[in-house]
Amino acid sequence: MKRFRWFPGSNKASWSMFVWTAVLAVGLGFFCVQPATAEETASELESQLRLTPDYKQYNYEQEITAIAMTEKKGDLVQVEMSIDNYGEKGERLDIPVKTEEVDGQYVSKGVFSTGSRITSYKLVYKIVMDDGEQKWFGHASKMIQVDNMPPMNPSVESILKIEQKEYYKVGEPIKFTVYTPNKGKLVSEPKFMFFFNSVDQSQPVEELETELDQKNNQYVTTGTFTPKIPGVYKPFFFAGMEDEETGETIEASAVTEFTVEDHDKILVSLSPGTATMKAGDEIYLVAYYKIGKWEDHKISWNYKAEEITRQYDKKRGIQKVVIRFVPKRKGTFTFEVKVEQEDGEKRGAASAVIRVTE
């Protein structure tokens with residue numbers, strides 16, 4: 001009987017070659033159907049991101065704590081929290097983050113300041129995990145609005161009290177007392193600011209103290225404000241609390257308004273303060289002065305000049321007088337305006353320097 005041969009003229013060598021070829025083919029086929037490595041596949045996750053305090057609008061240089069939570073899907077590879085367009089130069093701010101595993105979640109915490117300009121920017125959080133077979137990416141973001149006043153929609157209303165007077169004196173300390181219902185622990189230190197239409201926004205409220213009145217279940221905040229210039233002030237009080245059971249942020253605010261006047265002198269200004277002109281030319285000087293509640297006063301100047309118009313702003317209590325001065329000779333003139341009550345109790349003065357050439 002004739003034997004069947006795999007290949008004509010085959011021998012041991014050819015048989016070995018066939019076997020190795022088959023093994024190689026099977027091996028290649030095995031590697032071709034293997035699943036993709038961790039670097040080749042990835043899944044997206046939604047993280048939870050919350051801010052404390054959580055407001056629609058923040059004040060300058062306000063400290064914010066950001067907490068992000070993501071379901072644990074593998075070993076932690078990378079965590080990142082950042083803000084684009086941050087600061088005066090609009091640069092990227094990388095926020096230091098601390099991450100811990102809590103009840104099957106990665107909890108990341110970062111603390112940052114809102115900055116010192118009116119703007120809006122996006123806080124972005126990213127996390128990367130690896131379970132050995134694939135990578136998992138978690139992400140979340142929040143828009144942050146920064147202005148020079150805090151949110152205008154408080155959850156509770158505080159009561160801001162000052163001694164009731166028709167007006168206050170320049171240099172007279174004014175005590176502020178604020179009563180705020182206790183809605184949880186304080187997470188934003190109580191503070192005072194002034195609305196943009198206050199005569200001055202730069203003067204601080206000092207000696208700030210806050211205590212919990214347990215009997216009446218309220219916070220009592222006190223402070224002292226000493227105005228340096230006359231005008232209308234509109235202080236705004238703001239505080240943030242956190243409900244210890246729900247973690248909800250609760251805002252509290254109050255506002256009041258009062259008028260400050262200088263009772264020691266009449267404030268006078270003269271514009272322009274300095275001028276250069278030729279002899280015989282006319283110069284128009286404008287004198288402004290605050291006359292408050294009284295109207296019996298007189299205005300005078302030290303050179304021969306003519307009053308052109310006089311106008312009184314009743315709302316602001318400001319008198320405006322336009323004066324025409326015509327110097328006849330070359331030299332330097334110090335033109336001075338004086339205002340005084342007719343009974344002589346209050347006086348004020350202002351001067352302008354006029355240089356006259358030929």
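This dialogue explains how to read several features of a predicted model.

Visitor: What should be known about the numbering and about which residues and atoms count?

Guide: Residues are numbered from 1 along each chain as its sequence is written. The model is predicted, and local features need pLDDT of at least 70, side-chain atom pairs count only at pLDDT 80 or more, totals for chains, interfaces and linings use all residues, and side-chain values use heavy atoms, with hydrogens and water left out.

Visitor: What is the mean pLDDT of the chain, and where is pLDDT below 50?

Guide: pLDDT is the predictor's confidence in each residue, from 0 to 100. For this chain the mean is 81, and 85% of the residues reach 70 or more. Residues 1-15 have a pLDDT below 50, and beyond near neighbours in sequence this stretch has two contacts in the model; a contact means heavy atoms within 4.5 Å. Over residues 23-39 pLDDT also stays under 50, with eight contacts beyond four places in sequence. Where pLDDT is low, the predicted coordinates should not be read in detail.

Visitor: How many helices and strands does the chain have?

Guide: Helices (H or I, at least four residues) and strands (E, at least two) are DSSP runs, numbered from the N terminus. The secondary structure here comes to one helix and 28 strands. Of the chain's contacts with a separation of 6 or more, 65% are between residues 24 or more positions apart.

Visitor: Which strands form the open sheet of three?

Guide: That sheet has the order S12-S20-S17, again with mixed pairing. Its edges are S12 (168-169) and S17 (231-233), each pairing on one side only. S17 runs antiparallel to S20 (residues 258-261), and three bridges join them. Tyr 233 is opposite Phe 258 in S20.

Visitor: Why is strand S26 described as largely enclosed?

Guide: Buried means under 20% relative accessible area, exposed over 50%, and partly exposed in between (1.4 Å probe, protein chains only). Six of the eight residues of S26 (residues 318-325) are buried, so the strand is largely enclosed by the rest of the structure. Eight bridges join S26 to S23 (residues 283-290), which runs antiparallel to it; Ala 287 has Val 321 in S26 as its bridge partner. S25 (residues 306-313) is likewise antiparallel to S26, through seven bridges, and Glu 306 stands opposite Arg 324 in S26. The hairpin of S25 and S26 has four residues between the strands, and Gly 317 in it takes a positive phi near 70°. For the chain of 358 residues, 37% count as buried.

Visitor: Where does Gly 90 lie, and which residues does it contact beyond its neighbours in sequence?

Guide: Gly 90 is in the loop between S4 (75-86) and S5 (91-94). Its relative accessible area is 29%, so Gly 90 is partly exposed. Beyond neighbours within four places in sequence, Gly 90 is in contact with Asn 85 and Arg 117.

Visitor: How many salt bridges are there, and which side chains meet in them?

Guide: A salt bridge is a side-chain nitrogen of Lys or Arg within 4 Å of a carboxyl oxygen of Asp or Glu. By this rule the count is eleven. One of them joins Arg 92 and Asp 94 at 2.7 Å, N to O. Another pairs Glu 340 with Lys 298 at 3.7 Å, N to O. Glu 340 lies in S27 (residues 331-341) and Lys 298 in S24 (residues 297-301), so this pair ties together parts that are 42 residues apart in sequence. Glu 340 also meets Arg 347 in a salt bridge, at 3.3 Å, N to O.

Definitions and conventions. Two strands pair if DSSP finds at least two bridges between them.
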